[in-house]
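Please open the model in a viewer and keep the selection panel at hand.

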Amino acid sequence: MGKLPLRARIATSIGGAAGRVSRLTGRGDGSVIGGVLGLRVEPELLRLLAADRQVVLVTGTNGKTTTTRLITAAVGALGQDVASNAFGANMEAGLASALGRAPTAPYAVLEVDERYLPAVIKATKPRVVVLLNLSRDQMDRAAEIWLTARRWRQALTGGDECVVVANADDPLIAWAASAAPQVTWVAAGQRWREDSWCCPECGSHLRRDELGWRCGECGFARPPTRWVLNDDSVIDETGQVRELSLALPGRANRSNAVMALAVGAYLGVTVDQALPRLRDVRSVAGRYTQVERHGTKVRLLLAKNPAGWLEAFDVLAPSPGPVLLAVNAQTPDGKDTSWLWDVDYRVLLGRPVYVSGERRIDLAVRLEADEVPFELADGIDGAVGRVTGGELDVIANYTAFQQIRAALGRAD
Ligand SMILES: [Zn+2]
């Protein structure tokens, strides 16, 4: 902190004070307002706060928050402080706040909004950039993600001392990352393929087989990988196989964990040092933890887009465990719910399915079309009232998730 120029020091302290006021007055956790004010005083704040740190940036459509948490846990093995925006405030102000709150931390692990990655790379000069996956989100449909990949490609082309850790199984990610001078490729898997039937290089149809994907026209193909997710195991760069045995559920989280191990290795954390720390992560920003509600164990899963719903289905308790689906369409969710038609709900057949949220009727129509029986429920308590004991999994999109979390009185 002592090395910061005067204006940046003032900007940081104003930002910190505003954050504290914001928390005290109950206007949120203060992680954004502090950064907003700080940047107003010193527009270069992010660059100044990131200087002389080892910065890891994490981006992708899904899994950013969890992967950021897992990498932070792994890097903790080095015994030094790690700055991180653990609650997902992932634009410039949130990043400046996270760094301002940990002025002496030599490491920073930062989740970055997909659209801001090029600007944040420029400002923070990261040592590692992690590219997880890229698929349609509720707000930016298919064309937008191709544009995003193109911008990433341009941002990664520079000759900076930076390694990219990228998922080789996602063709769009592979295309964006392949522009970087140094890439560590990870076989992290890809379940959602609706956004990657075409070659990002030439637009031809991609072929897939057990070896991965390849373009028959231009030859662009899945790069050879150094880290592999294989069921519940990780195969590291040396070929050694270890069970992951995470507390976090689901294939998507195992994939996030392998990415975290690859980043850790680059920063000097061995797999044996990192794994116990990854296994200790049980909940990420309110997700995955079980909460008792009127005698029912409720587990919250966040899913914001079609690929995210597919991964959430994978995490559900075994059938016939009941599930509540909650969908809103406020601004953070995207107003358009047509993405509901991109998800195949037939995997829910055989379970009691409850439907709530502001857009429950849209969801009901969608389930009708898939011939999945369901009942409308009045919020979380409506569903809990019908489950009567036992367990209930909840899959909700962004604001529906926050509403249910508030109703359950959860802040963690
Ligand atoms: Zn091609």
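**First stop: helix α4**

The buried residues of α4 pack against strands β1 (54–59), β2 (82–84), β3 (107–111) and β4 (128–131), and against helices α9 and α10 (271–279). Buried means under 20% relative accessible area, exposed over 50%, and partly exposed in between (1.4 Å probe, protein chains only); contact means heavy atoms within 4.5 Å. Helices (H or I, at least four residues) and strands (E, at least two) are DSSP runs, numbered from the N terminus. This is a predicted model, in which local features need pLDDT of at least 70, side-chain atom pairs count only at pLDDT 80 or more, and totals for chains, interfaces and linings use all residues. Residues are numbered from 1 along each chain as its sequence is written, and side-chain values use heavy atoms, with hydrogens and water left out.

Select residues 64–75 to display α4. Eleven of its twelve residues are buried, including K64, L70 and V75.

**Second stop: the sheet**

Next, select the open, mixed sheet of six strands, ordered β12-β13-β17-β14-β15-β16. Strands pair if DSSP finds at least two bridges between them. β12 (290–293) and β16 (375–376) are the edge strands, each pairing on one side only. Strands β13 (residues 296–302) and β17 (residues 391–396) pair in the parallel sense over six bridges, and L301 stands opposite I395 in β17.

Which residues does I395 touch, not counting residues up to four places away in sequence? Among them are L301, W309, F313 and L325.

How values were computed. Expected span 1.5 Å × (residues − 1).
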